[in-house]
Structure formats: structure tokens, C-alpha cells
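Here is my note on the model you sent. Please read it with the coordinates open.

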Amino acid sequence: MQRIGVFVCWCGSNIAATVDVAAVSEALGHEPGVVFSTNYQYMCSEAGQNIIKNAIRDYQLTGIVVCSCSPRMHEATFRKTAASAGLNSYMVEIANIREQCSWIHKDKAQATEKAIILGRAAIAKVHLNAPLTAGESPVTKRALVIGGGIAGIQTALDIADAGFEVDIVEKQPTIGGKMTQIDKTFPTLDCAACILTPKMVDCAQNDKINIFAYSEVKEVKGFVGNFHVKINKKARYVDATKCTGCGECTEKCPMKKIPNEFNLGLDNRHAIYIPFAQAVPKVATIDPNACNMLKNGKCGLCAKVCSAGAIDYKQKDEIVEREYGAIVVATGYNPIKLDDYDEYAYSLSKDVVSSLEFERITNAAGPTGGTLLRPSDGKHPHTLVFVQCVGSRCSAEGKGKSYCSKICCMYTAKHAMLCREKYPDTEVYVFYIDVRSPGKNYDEFYRRAVEEYGVHYIKGQVGKVVPRSDGKLLVQGSDLLANEQVHIEADMVVLAAAIEPDKSARPLATMLTASMDTNDFFTEAHAKLRPVESPTAGIFLSGACQGPKDIPDTVAQAGAAASKVIGLLAKDKLTCNPCTAHSDEMMCNGCSSCEKVCPYGAISYVDKEFRMPNRTTAIRRVAVVNEAVCQGCGACTVACPSGAMDLKGFSNSQIMAEVDAICKM
Amino acid sequence: MNFSYYPGCTLKNKAQDLDRWARLSAEALGIHLEELETWQCCGGAYSMGKDEIASKLASVRALQAAKEKGQDLVTLCSACHNVLKQANDAMANDPDFSLRANNYMALDTPYKGETKVIHYLELLRDVVGFDNLKKAVKNPLKGKKIAAYYGCLLLRPGKVMQMDNPENPRIMEDFIRAIGAEPVLWANRNECCGGYAVLEDKAIAVKKSTAVMDNAADQQAEMLITACPLCLYNLTKNSASETRLPVKYFTELLAEALGVKE
């Protein structure tokens, strides 16, 4: 018989306001095997932990139940507490009476009753707990960074700086991401390229960093410290080791009317192209959907002009298999498509542009060489209207995003300010719901746009943009402060489109078994205390894949993710989870059901000699679990038809005991 | 193919053209529209009040009648379509409204929004198909630049109407292409004409319909087409535009293209 202690936590008022904690500790004190039961305001505090330690010693406890928050939150804390008092860590059970009880119920009597039932179930389980000892697994000292934007670049540089190898996988032909398309950065107005391109070059030159550009992650297997990843290197049809990036081929290519992604389709590129002059790696890529040679075997001009002999029309996609100890997700964001927002006439007029398109139009390396010209007729615009929150903070008819995209207020202030500075003859209007500028020197920046540069900020939304045949855009909006309708004859309208996670994020999350929220942003392990870790061990988050972020925030998070990775890779061994599966070979019939469902490849089979009745022997095929590889997911225990497979710490009998305790009312 | 058909009262008076050409064209396309026997006025604007129940019962009766015949219900007038579609949605998805309406109706089996309501344009797009319509056209309206005017009722609320993207629709433009003409793309095609405000404050109706007409004329349209009798009335009578483009029912052009307009 176990000697069990029960510790009921108030969690301040989080639990105590809805659950009668004294009644819970009183009721559970009468359960069989319980020799000590108490409650305390903060069981996780030092004083609370001391209550547990003292009780373990004073009452010779062999198992404890803590009725508190989710085991995600403090199971590790209480296991350490038990261990420090000489009790095996795995003799600790948590009854979650916060997330699964007090937070979701209103009626105190019912919540108290439920808390008691949850406590009873945990007590029933602890009766069957056995001490477990954790083993160790090695750590592969290399990290994978998925996404080569500023987030991925910063994370990779910081990890490499600590002396560990890093691979960057980027699906575009070059690293750099969205920041390469931006002209200037708020709040200091330094040029994005001037601060980003040196970092891109650092990545290329760092012998610890290996860049897989124009590549995608295809498969992820394994677990923290031991990931096996398949990377698909897409065919560029150019030998990257030979190409010098001279650009001769891109000039001679006859297919020159392909919309240029880098300039968001505002101008054209050739079928063979280098995205921009500072691309890393600076290697040409053939667009297979546009190249005549690849489509119908006619042309071959680029191969003729290439003095390095780098063109290879027969190149195939190549799968590379690599091992990693940690994986960082840095897949970034995209502006939403504006098809559902045609009240702003985005599809009707070329002079209605998104803010990212506006960046390209004002960028010295953009299609207009940095001169502000209207896309429709190339003329200088005199009146510009900026519309904020296009698709942000909008859940009407389910077409928008409910969240604030966070970066738009500041970049719109930047655009408006730069317009007025470079072209004092322009009138600039900004329609806003709220101006959100919390951040170091951010509000000062926005105030400058209003006070020094005379940008007209109008609180209110635009209802309609009507393009006229004379080229003017008739903007109709409301001024909520003046309580009147506003009509502006504009030459250009710039839409601050909401941002959303990159489309590749959702399938990647499935591969990594990393969780996401309803908007497809990756979820952090704890919103406040573990902001750069995914709940899945060994997976870390960097940049806008976790939520809308500007460059300063992204770089800060990238560094934080790197430091977490460095902390992991610095270890030689990781403590394994001892809650692993094991097979009862007397019951196993070798059917292979468990092997088929095991996501970690932890199960194999051996032929073993068994003594049968009548002093005979027989050779039988039975399952064996490699405990160093097993992650304790439990899939095999469910799949096993004969009930031979069981999970330590979560055995079938323990779970049935919990269910029985819940049902025994 | 047979469909139940709800013409609505305006189509029996002011908007007889909208109705007549629709029926003739449907026959030419092999579709038989069976007018419901005892339909009542949908109530137009009055039944859009969310808290009203009595004024929506006419719609529920029509929907129930189509259910009894086991047919989809085709509508034509934008206002009727909007009212019927919204009433149908409430019968299916608003338990409180559905219960109260069924209590009035006292049917053997309660009506729960089973009838599928489709607009005549959806009939052309989804049942006939614009490709087939194109093949059936005898007199393509070549070279005509036509502005499709959706107005406010045909597409919104988008979640209930589910006809097309309310801010960037294409169903009428595709129709115009199918009959051989050229659609004009213009911004005010889905703006309200102000028709509902004409009795209360005529200035609003004048302002709104003028903005619509001006925008269509500015984009070099030769005419506007609509499915709404109130829009047609308001644009013709109240627009103060210098250029007064003709406004026609889309069914008239359809009949012309199919060669059934005598």
C-alpha cells in the first residue's frame, strides 16, 4: 500500500475563487492510502515546495498528488521537489484543477465536486505508479533553420557564432526574405539593404553555415537532439558550383516578359534570372514554367553564352538527408491577397497598390529606380491616400484577420513621411482606425510625420475608391472626428494589407508536430515565459511565423531562439523520457501492428526461444522496443491487438484505474 | 428541367419586361419555370427588419410550396431574392425565428429551410452554364459595351446570398461575355442606388444614382443592365447625370441574344 500525500494549490485566486480548496483537501484526505492532505496559496513557490518536501519526510510518503495547474506548467517543478526530498520523480501525479476545472467553470459547488473527482483519479493512478529512471540520448550538434529571411539569418549567425553548425533551408533562389524588398526601415530610416546584405554575405562566408537555397524540407523524423530531415534541393538547371553570377545568360534570354516576383509583378524578368544584384547565393535559376528549352527543347541560348558552362537542362531535384539536434522555424509572413477588398478598387486600377508594392516603387533598386511614379502612366502623383488596416482587425464575413498586423502603422507613417520629404509638392492622407506606435522612438516617429511633415491623418475608414477615366481615384471615406464624409481626388491609393503566415507553415507544422493557432501562427510553449520555444521539444520559433513582428522584434526573437538552440546543442546528452513502451513477450504474437504505427522507428522484432508446455521449446517472433528512441507517444499500445504493449507511467491498468475512480461516484 | 418560380409583384406591374423575357429565354434554353400557384408579395423592404415575423411569412409560404413540389425555387427580382434567401436562412439557422414562424404556419412537418433558392443568374451560371449559353446565342451583341449593375441587394449579405464575391463579383460580367458583348469594369457596380431612400429623402437617391450613372458613363459604357426593378426606376428617374445611359433588364438582352425577343 502506498503512503500518499495530497497537496491542493489555490493558485492565488485562479483556483480558489471557483473551487473550495479546503473542501477538496478535506475530501481527498479520506481516500484510501492518503496519509496527508493540505492546501496552500502557491504550491509552486519555495514555501509551497517546502510543505511538500517536509511532508514526504515526516509522513514517509511513497507517492504524491498535486492538485494544481496543467502538468505542462509545473509537473517538472514538482518532480524536482519530490526528487530533492528523496522520492522518485515519477511517483508524482498532477490533477489539473485549473485549466480543466476552475478556469472553465462558474458554479463553485460543481467545480469543487469536479476537482475532487480529478484528485481521486490521480490518487488511483499513483497507487499503481512505480519508480522510473530516465536514460540518456546523444545530441547531434547541428541546427536546422527553416526560412532564410532576417529571422532565419540572425538565428543562424548567432548559432554559428557559438561554434555550432547550422543549415539554412530557403525555398526562394536567394536568402534575404521580405527585408530585401523594403526600402527604408523605421524608426531610424536606415536603408534595409545596407543593414541586411552584409548579414547575407556573412552567412555565405561563415564556414559553420550551410545554405540550401531554392530548397524545401520534405520530411522530418526523430526527436529532440536526433532529428532526421530530408531536404529537396529543387533543380535550378544551373550548376551552382560553376555559375559565377555574371548575368550574361539573363541578358540574352529571349523570354523576357515573365512577371518579376521580386518587384511584385511591377516589371518583368527573363526565364533565367538572378532575383536581385545582391542575391546570396548569386546563382542564376531557370524558371521551368517559362523556359522554352525546358518546355519544348527549342532555344538553348543561355547554355551557348555561359562561359562557365554552368547551364544544365537535365538537372533534377535532389534529396539531401541530414541530421540535426534542433530545428528553428523562421518561415515568416506574406501580405494577404486583396481580391476580397475590391471596394478599394485594387483589381480595377494599377494606381491602387499594396504597401509592399509601394516599397518597390520607392526603392532605388526597384522598377522606377526609386522615383515615385504612378504604375498606370508613369506620371508623378500629387495626391496620395494611404488606407490602414486593410484586412487587419476585421472579421466581417470571415474575409479578414481578427488580429492587428502590428507593422502597418509604422511603415505607413514612414511611407507618408518619405513622400512629403522627397516630394514636398504632394498632399498625403492617411486613413486610420487607431495609430498604434508603442516601441522605442516609435510614437516620436509618427508624431514627426504629422507635425513636421504635415501628413493629414484622418481617423476613419475608406468606404469606396472609384477609378475615373481621367486617371483620378475618387476616394470616399469618413472622418470620424469631424463627423463628415470626405471625398479626395487621389492619384495613388496605398493599401496597408494585413499580414498572414506563409502558406508553407501549415504543412511544416504537421511535419514537425508543432502546434499552431487558428490563424496558422506557430504557438509558443508559454505565451509569456517560453516565447521562442514550440511545445514540441527541440523545435524553436523565430520571427513572424509566431505572430506579426517588425524587424527589431524579429531580430530580438531570432537571437533568443538561437540562445535556446545553443543551450540545447551545448549538452552532450539529453535526459530521456523514461515513460517508454515495453512489450510483454509472453503475450506478443509478432503481428507488426505496433511497428507500423511507430513514428520514431523504435520497434523491431527478434526471434526468441520460449519454453512451451510439456518441456518443449518454440521459436517465436516478438516485438522489442528501443528505449533510447521511444518517445512514449503511446500509439503502439493502442494498436496492439493482444494487449502486450504497455507504456511505463501510463500503463493500461493505471489509466483504467483513473477512469474507474472518475466513474465511481 | 422544371423549377418553381417566384416572380414577385413588381414583375406583374412595373417590371413586366423583366419577367416576360426571362420566361421566354428559359424556354429557349430548355428550362421550364413553373410559377408558384398562390404566391404572395415578399414584402420588399419591410420584411428585412430582423425582429419582424409576420411580414416574412409570405416568403416562408413560397419556400414551403416549392418544398412540397420538390423543386428548387428560382427568383428574378433582386429584392425578392434577397428577402426569400434571408428568410430561408433564418428558417434553417435561427432556431428562435424558425420555431415562431413554424408555429404560425402550423404545417404537418415544420419547414427548416430545405428549399434551395437560386437567382435566375445562378440558373444561367450553374444549371445552364455560361459556355452552353454562349453556344445557344443566335444574335451575339457584338461590340456593345455594357456595365453590369449589381446594386446592393443581389450580393449582400455575402454569407447568406452566396452568389458571388460581394466586393469583386463577376457573374454578370460573365453573363455579358456569354451573350457576346463586352463588360465594362467599374467601381460603383455594387454601390447602392439610393432607391430605398427615395420617399424619405429624395436628395440621397439623386446623389447615389447620379454617382452610379456618372461612373458607368465615365468608363464608356453604352448601357447598364440590372436585375432590380427599383434600381431601374431610380437610375432612370432620379439620376442627375449629364449622360443618361439606357438602363435595361438583363433578361431583355438575353432574349435579344437568344433571338426570342419579337
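1. Conventions. This is a predicted model, in which local features need pLDDT of at least 70 and side-chain atom pairs count only at pLDDT 80 or more, while totals for chains, interfaces and linings use all residues. Residues are numbered from 1 along each chain as its sequence is written, and chains are lettered from A and ligands numbered from 1 in the order in which they are written.

2. Overall form of chain B. Chain B holds 11 helices and eight strands. These are DSSP runs, numbered from the N terminus: helices are H or I with at least four residues, strands are E with at least two. Along the principal axes, the C-alpha atoms of chain B fill a box of roughly 55 × 45 × 30 Å. The radius of gyration of chain B is 18 Å, which agrees with the value near 18 Å for a compact globule of 262 residues. That radius is taken over C-alpha atoms, and the globule rule is 2.2 Å times the number of residues to the power 0.38.

3. Burial and contacts in chain B. Of the 262 residues of chain B, 49% count as buried. Buried means 20 or more other C-beta atoms within 10 Å of the residue's own; exposed means 12 or fewer, partly exposed lies in between, and C-beta atoms are placed from the backbone. Among contacts in chain B with a separation of 6 or more, 75% join residues 24 or more positions apart. A contact requires C-beta atoms, placed from the backbone, within 7 Å.

4. Domains of chain B. The assignment gives domain 1 (2-120) and domain 2 (130-258) of chain B. Such bounds come from an automatic or database domain assignment. The C-alpha centres of the two domains of chain B lie 23 Å apart. Their contact takes 22 residues from domain 1 and 19 residues from domain 2. On the domain 1 side, α1 (16-28) and α3 (78-93) of chain B are the elements that give two or more residues. That side has 11 nonpolar, seven polar and four charged residues. Here Ala, Val, Leu, Ile, Met, Phe, Trp, Tyr, Cys and Pro count as nonpolar, Asp, Glu, Lys and Arg as charged, and the others, Gly among them, as polar.

5. Chain A against chain B. Which residues make up the chain A side, by class? The contact takes 15 residues from chain A and 12 residues from chain B. The chain A side has six nonpolar, two polar and seven charged residues.

6. Nonpolar cores. The largest core has 216 residues. A core is a set of buried Ala, Val, Leu, Ile, Met, Phe, Trp, Tyr and Cys residues joined through C-beta atoms within 7 Å. A:A143 and A:V328 are among those with the most contacts inside the largest core. Leaving aside residues up to four places away in sequence, A:A143 touches residues including A:I159, A:F164, A:V328 and A:L569. A second, separate core has 46 residues, including A:M43 and A:I116.

7. Backbone points to check. The A:F186 to A:P187 peptide bond is cis, with omega near -5 degrees; A:P187 sits in the loop between β8 (184-185) and β9 (190-191) of chain A. The A:V280 to A:P281 bond is also cis, with omega near 0 degrees. A:Y214, not a glycine, has a positive phi of about 55 degrees. A:Y214 is buried, with 21 other C-beta atoms within 10 Å. B:Q162 has a positive phi near 45 degrees and is exposed, with 12 other C-beta atoms within 10 Å.

Terms used:
Two residues are in contact if their C-beta atoms, placed from the backbone, lie within 7 Å.
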